[in-house]
Amino acid sequence: MDLDSWFGYTTKKTVFIRDKWLGFIYYSLVFCVVMYIFGVAILAHNEQFLLTAVSGIPRIRVTHPTKGLCDVNHPECKSNYRSLTELSYCNEYTGKYPEKRQGPCKFKDATSIMPDGDVDNKIFIPTAVEIVTERQSCKPGPENGYSCENEYEEIPGTGCLNGRSNCQTRGGLKDQFYFVADSRNFHVQFTSSYEQGEVHGTSLDHPAYYEVCPTRVNKSKGVRAWNDRLHHSEDSEESCGPDEVKRVKLPCELGVACADSRDFDLMRDSGVKKKFDEVVQVPGGPSSRKKTAQFLDRSLGHLSPSSPDIHHQSETASHHPSMYNPDSQQQWSSAYGDVFTLSRLMELAGADLDKSFNMENWTTRESGTVLEVSAVYSNLHAWISSFGYKDVNYYYRVKELPLPYVSRKHLAEVQPPDFPETRRYEIQHGTMIWFRVVGEFGNFKTTYLLIYLVTAFALIGAASAATDFIAIYIHKRKNNYFNLKYQISGDFSEKWQCPKCSYWNSPLHSKCEQYAMWEDSEGTARCGEHRPT
Ligand SMILES: [Zn+2]
């Protein structure tokens, strides 16, 4: 038995065409495929990772403005409201640019705006409050056939800002409507924890960023009618393209050591360094936000400008513009979370309390709105995640979800003496802030990588098919190349069949040319039968 013929190797025969242009076309196509698959899809877009949604607990807290950002729970902490004469929507305003709608203003602190506490991912910050007094209008009796149209009837008010609503006097009482003074400068603090698979942590472990769309911020400075606000999220006019959106780092509050992102380290991220570290233990880990002694002092209300330590710190702050400066900045990272003022959130969402209106021409301050704040988590980075760098990062995205009216209504805590003959309820309009944890973490999937490798081979096949097409149908030597590529059989209707072995022979041959299958054409015997006449 001949093993060589039983186990012989079968391979394809290919044609080599001496033509630099065809080679140039083919190799440029292959280069494009390789660049696309490995450069764009794998390294830049991290397509070999399976994205899984991040879940987490969002926590939101609101405080009124305080001096030196002190903790409101501390008895020595003083609030830092602007004077009513500086607030353009208050009657007391003395500046040059008063709002069209001005009304009485009252200061409300963090506890009085949120009597029910704030352990939730939604909070409501009232901006306008109206107290409505109602009289019991009907008691069922024989004169009305024991049926009533309404239990209570509103006592009409006077000095109303919007038709029959937002009235300053009602039922003989003054100050029945007021704006919450300086609500723009309320501090909204966001903290979140995240979890996906084995990866978990809190926002405090990472530097904070937020998304700014300059066109949207500019729009918030102009008057916006209800229809413009509705188009906000749908039409492209105000929505930002990916090139336009900027991510800005939140500055760190003075005296707080904010976490910084770790730099890419090829040896460590690819796991090479770990092998060495198993031998030599190296201490260290991700740094979290830590308060310095100076910060603790200040948050307890011990503000002494003569203290040499603080003096030194404020000098440092002037040299580093990214450090927190309470007068100019509207957002910062503190030791407990990331803080934005309400007006900055509105601005980032393209909304404004006094310049945005609903369909009945109420200002947002009078009617209320909804802001959606998302902490968007991710762990993939272009170019370096393929080498193992998967540091978690997050940024804030603020959107307005416009609703014509956002309010809550409850019976007033102090009722008139003849209650329930007369009753009083409070209706508060304000901004609802909805805080969410969103985003996706990438986990390496071999299947996804294989799909891209298979795609690469398929595209290289397409490149050679395209080059073949050019070579045999377009090129000026296409005839030669065609003949090199294809071996064409003779016309079988013109051939004669050998009567002995039934092989079909060309009319040019007078003897049968058949030889056995799987044999060398030169070294083997032919059938040799003569062509029948
Ligand atoms: Zn024959």
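## A first look at the chain

What share of the contacts in the chain with a separation of 6 or more comes from residues 24 or more positions apart? These residues account for 69% of such contacts, where two residues are in contact if their C-beta atoms, placed from the backbone, lie within 7 Å. This is a predicted model, so local features need pLDDT of at least 70 and side-chain atom pairs count only at pLDDT 80 or more, while totals for chains, interfaces and linings use all residues. Residues are numbered from 1 along each chain as its sequence is written.

You can find 13 helices and 22 strands in the chain. Helices (H or I, at least four residues) and strands (E, at least two) are DSSP runs, numbered from the N terminus. Of the 533 residues, 26% count as buried. A residue is buried if 20 or more other C-beta atoms lie within 10 Å of its own, exposed if 12 or fewer, and partly exposed in between.

## Helices α2 and α12

Let's start with a pair of helices. Helix α2 (residues 20-44) packs against helix α12 (residues 446-474) at an angle of about 160 degrees, and their axes are 9 Å apart. That makes α2 roughly antiparallel to α12. Axes here are lines fitted to C-alpha atoms, for helices over the stretch in contact, and angles run from 0 to 180 degrees between N-to-C directions. Angles under 35 degrees count as roughly parallel, over 145 as roughly antiparallel, 65 to 115 as roughly perpendicular and the rest as oblique.

On the α2 side, the residues that meet α12 include L22, L29 and I37; on the α12 side, Y452, L459 and I470 are among them. By class, this contact of α2 with α12 has 18 nonpolar, 3 polar and no charged residues. Ala, Val, Leu, Ile, Met, Phe, Trp, Tyr, Cys and Pro count as nonpolar, Asp, Glu, Lys and Arg as charged, and the others, Gly among them, as polar. Now look at Y27, which is found in α2. Y27 counts as exposed because it has 12 C-beta neighbours inside 10 Å. Y27 and A463 are 436 residues apart in sequence, yet 8.5 Å apart in space, C-alpha to C-alpha.

## Helices α12 and α13

Helix α12 also packs with helix α13 (residues 478-485), at an angle of about 120 degrees and with axes 6 Å apart. That makes α12 oblique to α13. Here A471, I472, Y473 and I474 in α12 meet K478, Y481, F482 and K485 in α13. The classes in this contact are 6 nonpolar, no polar and 2 charged residues.

## A strand with two partners

Strand β11 (residues 208-212) pairs with strand β18 (residues 393-400) in the parallel sense over 3 bridges, and A208 stands opposite Y394 in β18. Strands pair if DSSP finds at least two bridges between them. β11 and strand β12 (residues 246-249) pair in the antiparallel sense over 4 bridges, with V212 opposite K246 in β12.

Most residues other than glycine have a negative phi, and most peptide bonds are trans. The peptide bond from F419 to P420, however, is cis, with omega near 5 degrees. P420 lies in the loop between β19 (407-411) and β20 (422-444).

D175 has a positive phi of about 55 degrees although it is not a glycine. Its loop lies between β7 (165-170) and β8 (177-180). W383, in the loop between β17 (369-378) and β18, has a positive phi near 70 degrees. Are these two buried or exposed? D175 is exposed, with 11 other C-beta atoms within 10 Å, and W383 is exposed, with 12.
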